Amino acid sequence: QVQPVESGGGLVQAGGSLRLSCAASESTFVTMPMAWFRQALGKEREFVAGISWNGGSAVYADSVKGRITISRDNAKNTVYLLMNNLKPEDTAVYYCARGTMSPRTGEHVSWGQGTQVTVSS
């Protein structure tokens with residue numbers, strides 16, 4: 001499986017914004033659902049948002065609805081996560097997942113290495 005590569009994390013003040021990117025160098029990217037998960041220190045990894053292969057459908061965790069938008073550009077083999085009005089509780093390592101758009105994962109899902117997002121109060 002091809003491993004996606006995340007970028008765009010960093011340190012931001014509460015109320016600020018960040019846009020994460022996830023790139024996959026494969027021709028089958030355009031057929032794959034994609035998702036973002038996050039894992040805070042000492043906590044389990046949790047689902048953030050998912051998007052269908054053509055971008056026509058998206059799902060969000062209740063904790064981020066209204067603040068976070070997932071999108072994709074299949075011409076660039078890239079999926080994005082735009083995060084607005086960030087809160088300290090959004091601090092986590094954010095992972096891109098190839099092969100799912102829901103909280104359900106399995107052996108068919110490949111993961112990126114993660115990008116750190118830190119929100120200061």
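How many bridges join E3 to E8, and in which sense do these strands run? Six bridges join the two strands, which run antiparallel. The model is predicted: local features need pLDDT of at least 70, side-chain atom pairs count only at pLDDT 80 or more, and totals for chains, interfaces and linings use all residues. Residues are numbered from 1 along each chain as its sequence is written, and side-chain values use heavy atoms, with hydrogens and water left out.

**The sheet**

- Strands (E, at least two residues) are DSSP runs, numbered from the N terminus.
- Two strands pair if DSSP finds at least two bridges between them.
- An open sheet is formed by four strands in the order E1-E3-E8-E7, with antiparallel pairing.
- Its edge strands are E1 (5-7) and E7, each of which pairs on one side only.
- On average, neighbouring strands of this sheet are turned by 20° against each other, direction ignored; such angles run from 0 to 180 degrees between the N-to-C directions of axes, which are lines fitted to C-alpha atoms.

**Strands E7 and E8**

- E7 (residues 68-73) and E8 (residues 78-83) pair in the antiparallel sense over six bridges.
- Ser-71 has Tyr-80 in E8 as its bridge partner.
- Four residues lie between the strands of this hairpin, where Asn-77 takes a positive phi near 50°.
- E7 has a covered face with Ile-68, Ile-70 and Arg-72, while Thr-69, Ser-71 and Asp-73 are on the uncovered one.

**Arg-72**

- Arg-72, in strand E7, is buried, with a relative accessible area of 14%.
- Buried means under 20% relative accessible area, exposed over 50%, and partly exposed in between (1.4 Å probe, protein chains only).
- The side chain of Arg-72 reaches the backbone oxygen of Phe-29 at 2.9 Å.

**The disulfide**

- A disulfide is a covalent bond between the sulfur atoms of two cysteines; here the term is applied to a pair of cysteine sulfur atoms within 2.5 Å.
- The count by this rule comes to one disulfide.
- Cys-22 and Cys-96 form the disulfide, with their sulfur atoms 2.0 Å apart.
- The pair links distant parts of the chain, 74 residues apart: Cys-22 is in strand E3 (residues 18-23) and Cys-96 is in strand E9 (residues 92-98).
- The link of Cys-22 and Cys-96 is left-handed, with -80° about the S-S bond.
- Both Cys-22 and Cys-96 are buried.

Terms used:
Polar contact = N/O pair within 3.5 Å; in protein donor to acceptor, adjacent residues only side chain to side chain.
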